[in-house]
Amino acid sequence: MRELWFAIVAVMFTAYVVLDGYDLGAGALHLFVARTGDERRHVLAAVGPFWDANEVWLLAAGGALFVAFPRVLAAGLSGFYLAIFLVIWCLVLRAVAIEFRSHVADDLWRHFWDVVFAVASALLAILFGAAIGNVIRGLPLDRDGWFALTLFTSFGTAPPVGILDWYTVLTGVFALVALVGHGAVFLVWRTGGAVAERARRVAGVAFAVLAVLWVVVTAATAAVNPELFGALGHRPLAWLGLLLAVGGLATVITGIRGNRPLASFLGSSAWIAGMLIATAACLFPVLLRAIPDPGLSITVANGGNTAEGLRPALGWWAVGFPIALVYFVVLFRIHRGKAVAAREGEGY
Amino acid sequence: MNPVFWHRFQFAFTATYHYLFPQLTMGLALLIFVMKTLGRRPGGEAWNDAARFWIRIFGINFALGVVTGIPMEFQFGTNWAAFSRYAGSVIGNTLGMEGLFAFFLESSFLAVLVWGERRVGPRGHWLASLALFVGSWLSGYFIVTTNAFLQHPTGYALAPDGTLALADFWAFLFNPWAIAEYAHTMIASVVTAAFVVAAVGAYYLLRGAHAEAARRFLRIGVVAGLLASVVVAFPTGDRQAKLVARWRPVALAAMEGRFESGPYAAITLIGQPDVAEQRMDNPVRVRGILSFLAFGTFHSDVPGLSAFPADQWPDNIELLYYAFHIMAGLGTLLILLSGLAAVQLARGRLERSRPLLWALMLAFPFPYIATTAGWLTAELGRQPWLVAGLYRTQEGVSPLVHSGTALFTTIGFAGLYVVLGILFVFLIGREIAHGPAAGREASHA
């Protein structure tokens with residue numbers, strides 16, 4: 001049962017990164033691909049109806065983590081305290097930027113919120129990447145299952161570590177490039193004209209950089225957490241994830257060249273999902289890896305809830321999850337076809 | 001300073017601020033759904049125009065409710081980590097269900113409601129208003145149930161490691177306290193929405209602008225305001241008070257500033273509690289009423305604070321006492337005002353009763369204050385416990401987050417929320433100045 005909940009939590013966080021990932025990426029790059037007021041509205045028309053529902057995946061995944069592994073949620077959120085508040089403030093400002101930007105037809109007002117949207121989106125991508133980096137590197141958990149990290153120490157990966165070190169900054173940048181690429185192929189698919197053309201060029205560069213960075217990050221990961229790759233030998237699911245990632249990346253790169261926007265977007269989604277699935281499968285059963293003493297790690301066995309306690313939760317999850325998927329299908333059906341920039345006072 | 005203080009201060013501040021927005025949007029979601037439903041009848045197009053105006057107000061409030069709600073979700077883990085570990089196996093259920101059942105519904109159809117009328121047509125738009133109503137009221141249930149567990153825990157067991165485990169899911173989900181608290185809370189949100197709708201209607205009539213829409217706002221606002229402000233007192237508020245009397249008698253004693261026990265307990269209408277001397281200064285009291293409200297008979301014995309050990313007393317009795325009295329006092333005032341307005345409305349004289357229109361226009365902050373005071377009553381009355389009778393508040397804070405960090409983020413929220421408040425006033429002011437008549441077609445330049 002707890003193993004199943006590990007999978008549920010992993011699936012929901014993956015869904016979050018794939019879905020909110022494209023609007024984070026679109027936000028991070030929109031200043032560059034959309035230059036005029038109309039073009040900015042074109043980007044907002046593409047992400048506006050979706051961003052909020054996408055972001056709910058983060059809260060829903062957090063809720064699943066809360067009920068299944070309360071010790072992980074408690075240790076993680078309090079241990080990353082300052083980084084979490086940066087995340088919160090970015091989420092708040094970004095939402096305000098998207099929702100209120102078009103309420104006032106004034107160039108200064110709109111330019112201000114466009115910059116807020118871009119900076120908050122980019123910072124969130126980096127912070128989420130750094131969070132994954134922290135989980136892979138390991139955390140200084142004490143005997144009671146707590147840790148407290150400052151934002152930075154010496155930027156080295158040996159204790160005492162900070163939230164940001166060379167490795168987690170690298171994974172943060174990796175995440176930013178991945179989501180910028182993801183956002184770019186989304187914009188190619190959902191918009192048209194000048195925005196789509198510029199986004200196509202950004203996507204080409206982003207995925208080329210990403211392929212190189214992938215090699216660098218893999219080498220760095222092997223140095224920081226060698227056990228992670230040790231697990232690969234007996235985790236068929238991790239191989240499946242890697243296969244999905246490689247296939248996805250190949251699809252994006254050929255899709256961008258061959259001008260197949262939907263295939264590129266799906267390929268990019270597969271790439272992100274595959275990477276996260278492979279990482280989760282290799283980390284399993286560990287949720288928070290302890291350094292220097294791995295015996296203090298929080299795993300599915302000591303994450304907090306019990307198999308018996310999770311039975312009712314599986315019941316409501318099994319009812320609620322398909323309903324959430326139906327909403328997404330309806331949402332996509334309502335907004336099918338290319339996004340069109342809204343006229344003044346009629347949309348994002 | 002003790003970190004517990006800053007953690008409590010931050011949660012109280014962010015929660016109070018957050019709830020300024022949902023209390024309007026939950027009630028307004030119901031009223032918008034009513035307007036959209038009336039708008040679907042033949043000749044009901046004017047109701048549709050009214051709905052369009054309120055959907056714009058709703059959209060701004062909803063966005064602020066979302067962005068100020070996000071920190072609340074995180075704060076369980078960031079600031080109250082020990083509590084999250086202690087109770088996560090239980091309350092993680094309702095918080096997880098809120099995301100899955102309520103937030104997805106609201107977030108998927110918000111943009112459809114606010115911007116998508118042309119795209120989805122009249123029926124689709126009506127459905128979107130239903131989705132937002134159902135979603136926001138479901139969300140309310142899950143969060144109130146979470147709070148009710150803290151007030152009166154049900155359906156739990158103690159796990160071997162000293163944390164809480166879920167023993168009976170249905171007993172937890174349908175906690176009798178949750179049902180009473182939910183009814184009281186949701187009806188209170190209708191009071192807020194109704195008074196805001198009526199206030200805007202009164203404002204337009206007094207200015208002689210948008211008269212047609214303003215009459216509609218007044219009609220729906222006054223009728224809903226009267227119904228809701230009566231129901232929020234009786235039966236829902238009454239039921240809530242009886243539950244407090246039964247399960248948390250020490251909280252009731254503190255709410256009333258009652259130090260000594262005894263029969264024919266008086267209600268204190270006004271007075272200043274002196275906790276150090278254990279007496280009420282300058283009291284204006286009505287004998288027997290508290291006994292009646294708490295237990296249904298005038299002679300019932302209502303215990304005072306002296307009947308309980310001091311370490312069980314709420315730790316801010318003065319504020320708790322004032323919060324409760326402000327809520328009850330303003331609630332009474334709102335019944336009187338909406339009652340008077342309803343009488344004049346029925347006689348067809350409301351439009352010409354300018355003093356009454358002035359009162360309606362200026363009364364809109366009162367439901368906000370009453371609701372905030374109501375939550376202060378609930379939360380201060382729960383002290384010194386985080387989970388009543390089981391777990392003390394100071395046990396719940398994150399063990400490794402020190403005062404310097406907690407104050408840093410508190411100051412950060414204060415700054416951010418000042419900016420949000422200014423934005424809110426500016427945007428809502430523009431919408432109200434712009435008015436309803438121009439509707440969807442107009443440019444907002």
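How many residues does the contact take from chain A and from chain B? In this predicted model, 56 residues come from chain A and 52 residues from chain B, with two residues counted as in contact if their C-beta atoms, placed from the backbone, lie within 7 Å. Residues are numbered from 1 along each chain as its sequence is written, and chains are lettered from A and ligands numbered from 1 in the order in which they are written. Because the model is predicted, local features need pLDDT of at least 70 and side-chain atom pairs count only at pLDDT 80 or more, while totals for chains, interfaces and linings use all residues.

On the chain A side of the contact, α2 (37–68), α3 (70–79), α4 (81–100) and α11 (311–334) each put in at least two residues. Helices here are DSSP runs of H or I with at least four residues, strands are runs of E with at least two, and both are numbered from the N terminus. That side of chain A splits into 38 nonpolar, 13 polar and five charged residues; Ala, Val, Leu, Ile, Met, Phe, Trp, Tyr, Cys and Pro count as nonpolar, Asp, Glu, Lys and Arg as charged, and the others, Gly among them, as polar.

As for confidence, the predictor gives the complex an ipTM of 0.93 and a pTM of 0.94. Chain B has a mean pLDDT (the predictor's confidence in each residue, from 0 to 100) of 94, with 98% of its residues at 70 or more. Where pLDDT is low, the predicted coordinates should not be read in detail.

Within chain A, the axes of α1 (residues 2–33) and α6 (residues 166–190) come within 7 Å and cross at roughly 80°. The two helices are therefore roughly perpendicular, a label covering angles of 65 to 115 degrees, with under 35 roughly parallel, over 145 roughly antiparallel and the rest oblique. Axes are lines fitted to C-alpha atoms, for helices over the stretch in contact, and angles run from 0 to 180 degrees between N-to-C directions. Among the residues making this contact are A:Gly21, A:Gly25 and A:Leu29 of α1(A) and A:Leu179, A:Gly183 and A:Phe186 of α6(A).

The peptide bond from A:Pro159 to A:Pro160 is cis, with omega near -5°, and A:Pro160 sits in the loop between α5 (107–137) and α6 of chain A.
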